[in-house]
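Student: I would like to go through this model with you. Can we take it one question at a time?

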Amino acid sequence: MDRHQRVTVEAEPYPFELVPAQCALLIIDMQRDFLEAGGFGAMLGNDVSQLRRTIEPNRRLLAAWRTAGLQVMHTREGHRPDLSDLPPAKKIRGRGKTCIGDVGPMGRILVRGEPGHDIIPELYPLTGEPVIDKPGKGAFYATDLDALLRNFGIQHLLVCGVTTEVCVNTTVREANDRGYRCVVLADCCASYFPQFHETGLAMIKAQGAIFGWVSDSKAALAAIR
């Protein structure tokens, strides 16, 4: 594959063209607390199998992307140990007995450095792959993601991760406003609520790709092969 040769990814609402050397694979919040059976998500009563179905397609895509020598980036949602970057409105939202910063099944919930905050072993970052620690839902808010992408010469993003309607959707909207073109890979994203997954994808590709395109890992793998 010529990394500088334009390729086409079959997508909705119409095919998406990208230059591999200018495209990053952005894997959002594939963290233990969200995806593992003993994590915070499961503690809240969520069915983590809805998210875990994305692990294998993400693993295959990540391996191919690395083999091709293309840019990979990861994000994690979480806060400083002293919670100084946690807005009070976020901490109390949901009125749960256990909230951000409290001790959960895998250490303090959504606190950087705790076991549950880290990325699952199946998709663990390699040395040299940037990990963006974000305090909010969107990967651009209060992070250096935009600066890194521009330094790397990135114009296109393949977006994967969880959850579709929250952190994935927010990040794609932020990216769109900054001039990046995004393809969301449906089988590499998920929600605890399947109907929200479908609606989240529909909102992205509506009105002629108002925020971005929707495809899948099979189409992305075909393009870079």
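Student: Is M43 buried, partly exposed or exposed?

Tutor: This is a predicted model, so local features need pLDDT of at least 70, side-chain atom pairs count only at pLDDT 80 or more, and totals for chains, interfaces and linings use all residues. Residues are numbered from 1 along each chain as its sequence is written, and side-chain values use heavy atoms, with hydrogens and water left out. Buried means under 20% relative accessible area, exposed over 50%, and partly exposed in between (1.4 Å probe, protein chains only). With a relative accessible area of 40%, M43 is partly exposed.

Student: Which helix holds M43?

Tutor: Helices are DSSP runs of H or I with at least four residues, strands are runs of E with at least two, and both are numbered from the N terminus. M43 is found in residues 40-43, which form helix α2.

Student: Leaving aside neighbours within four places in sequence, which residues are in contact with M43?

Tutor: Contact means heavy atoms within 4.5 Å. With neighbours within four places set aside, M43 touches T98 and P105.

Student: How far is the C-alpha atom of M43 from that of Y180?

Tutor: Along the chain, M43 and Y180 are 137 residues apart.

Student: How many helices and strands does the chain have, and why is it called as compact as a globular protein of its length?

Tutor: The secondary structure comes to 9 helices and 10 strands. The globule rule is 2.2 Å times the number of residues to the power 0.38, and the radius of gyration is taken over C-alpha atoms. For 225 residues the rule gives 17 Å, so the chain is as compact as a globular protein of that length, its radius of gyration being 17 Å.

Student: What share of the contacts with a separation of 6 or more comes from residues 24 or more positions apart?

Tutor: Start with burial: of the 225 residues, 52% count as buried. Among contacts in the chain with a separation of 6 or more, residues 24 or more positions apart account for 72%.

Student: How many salt bridges does the structure hold?

Tutor: Side chains of opposite charge can pair when their charged atoms come close. A salt bridge is a side-chain nitrogen of Lys or Arg within 4 Å of a carboxyl oxygen of Asp or Glu. The structure holds 13.

Student: What separates E56 and R59 along their helix?

Tutor: E56 forms a salt bridge with R59, with the closest N and O atoms 2.5 Å apart. E56 is partly exposed at 34%, and R59 is partly exposed at 37%. Both sit in helix α4 (residues 55-67), 3 residues apart, which is about one helical turn.

Student: Which parts does the pair D118 and R76 tie together?

Tutor: D118 and R76 form a salt bridge, the closest N and O atoms being 3.0 Å apart. R76 lies in strand β4 (residues 71-77), so the pair ties together parts 42 residues apart in sequence: that strand and, for D118, the loop between β6 (107-108) and β7 (131-134).

Student: Is R76 buried or exposed?

Tutor: The cut-off for buried is under 20%. The relative accessible area of R76 is 17%, which makes R76 buried.

Student: How far apart are the N and O atoms in the salt bridge of R150 and D146?

Tutor: Both residues lie in helix α6 (residues 145-151), 4 residues apart, about one turn. R150 is partly exposed at 48%, and D146 is partly exposed at 24%. Their side chains meet, N to O, at 3.1 Å.
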